[in-house]
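Dear colleague,

I am passing on the structure we spoke about, and would be glad if you could look through it alongside the notes below.

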Amino acid sequence: MVATLPDSIKRKLSQTLDQWQSWKCEWALVKKPEPIGLLNPGLGNYSILVEAQTQFVVRLNKLNPAVIGLNRQAEWRALQSASAAGLAPTPRYYNPELGSLVYDYLDEDEGAPCNIAATAGLLRNIHQLPAIHFRLDLHERLLRYEKHIEHRNESPPPDLLKHRTSILSILESISSRACTTVLCHNDLLQANRIVTQGTLRAIDWEYCAMGNRWFDLAVVCVGDALNAAQAEELLVNYLGEEPNAEERHELQQHMAVYRYLELLWFCALDDPQERKRQLTGARFSSLDSSLRH
């Protein structure tokens, strides 16, 4: 429950709730929202469910956003566009000094499956949203994670480092090809997709940035552990036609990069127990397999 939060987070939660009259709601809140529980904890944030006339989520930083290359201001702007398009919950309040974000809590439809076709449609709609002034540079992200690990006088495990040269080569190949950047969610895992009132929407936009659509597709393929047939179904629904060999190759390359960056991100976590829990043999095997194709 909320009582288990660190004292520093409790203070930031209290300060955020004290600003309730500044929350941007279409209706006037008549009282200060009250915490009613913790939502599923993420590795980078605390999410607290609060309630006044309706329910909101207060998200507070667990990790320093700058360390993992996030831009909270860009996320706020993207959320405004996405919510206006019916693709995300409506943001209500943002305080960079507190590291807090408030947005509407969405009730998930009971028994509503999130299928591949709907996910492809959600990705396509996200990629049509207005541009923001923040871009994801995959090579820079890799170097940022490595630098954070070096600051602890550590290095990534050998099972990861052995692939570094191959990944850098893939990144060079990707950057050499012309690409139209689009707004990407960059973390559209199953946990970050919710069917509410019959519509599939995306939550947790903290990794959003202008970038390559193939990376966004790769996140879904890897995060959902799609097999080859399911990945093909995602592509067909996203593209509206059968993918060609070049498009399949783009997806495979970005899947390898995502698997590598995911493992490197886990290595960058400061909690040694969490690092051990996340750096599984299955994830390393998945990277090995991806680079063999």
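The notes that follow cover the sheet, a pair of helices and some salt bridges.

This is a predicted model, in which local features need pLDDT of at least 70 and side-chain atom pairs count only at pLDDT 80 or more, while totals for chains, interfaces and linings use all residues. Residues are numbered from 1 along each chain as its sequence is written, and side-chain values use heavy atoms, with hydrogens and water left out.

To begin with the sheet, 5 strands form an open arrangement in the order S1-S2-S3-S5-S4, with antiparallel pairing; strands (E, at least two residues) and helices (H or I, at least four) are DSSP runs numbered from the N terminus, and two strands pair if DSSP finds at least two bridges between them. Strand S1 (34-38) and strand S4 (91-95) are at the edges with a single partner strand each, so one side of each has no neighbour in the sheet. Strand S3 (residues 55-61) and strand S5 (residues 100-104) run antiparallel and are joined by 5 bridges, and Val-57 stands opposite Tyr-103 in S5. Helix H1 (residues 7-18) packs on the sheet, touching S1, strand S2 (45-51), S3, S4 and S5, where contact means heavy atoms within 4.5 Å.

Turning to the helix pair, the axes of H4 (residues 138-151) and H6 (residues 164-176) come within 10 Å and cross at roughly 150°; axes are lines fitted to C-alpha atoms, for helices over the stretch in contact, and angles run from 0 to 180 degrees between N-to-C directions. H4 and H6 are therefore roughly antiparallel to each other (an angle over 145 degrees). Leu-138, His-139, Leu-142, Leu-143 and Glu-146 in H4 meet Arg-164, Ile-167, Leu-168 and Leu-171 in H6.

The structure holds 17 salt bridges, each being a side-chain nitrogen of Lys or Arg within 4 Å of a carboxyl oxygen of Asp or Glu. In one of them Glu-26 is paired with Arg-92, the closest N and O atoms being 2.9 Å apart; Glu-26 is exposed, with a relative accessible area of 63%, whereas Arg-92 is buried at 3% (buried means under 20% relative accessible area, exposed over 50%, with a 1.4 Å probe and protein chains only). Arg-72 forms a salt bridge with Glu-206, the closest N and O atoms again being 2.9 Å apart, and both Arg-72 and Glu-206 are buried. Salt bridges that share partners join Arg-59, Arg-72, Glu-75 and Glu-206 into one network.

Note on methods. Parallel < 35°, antiparallel > 145°, perpendicular 65-115°, else oblique.
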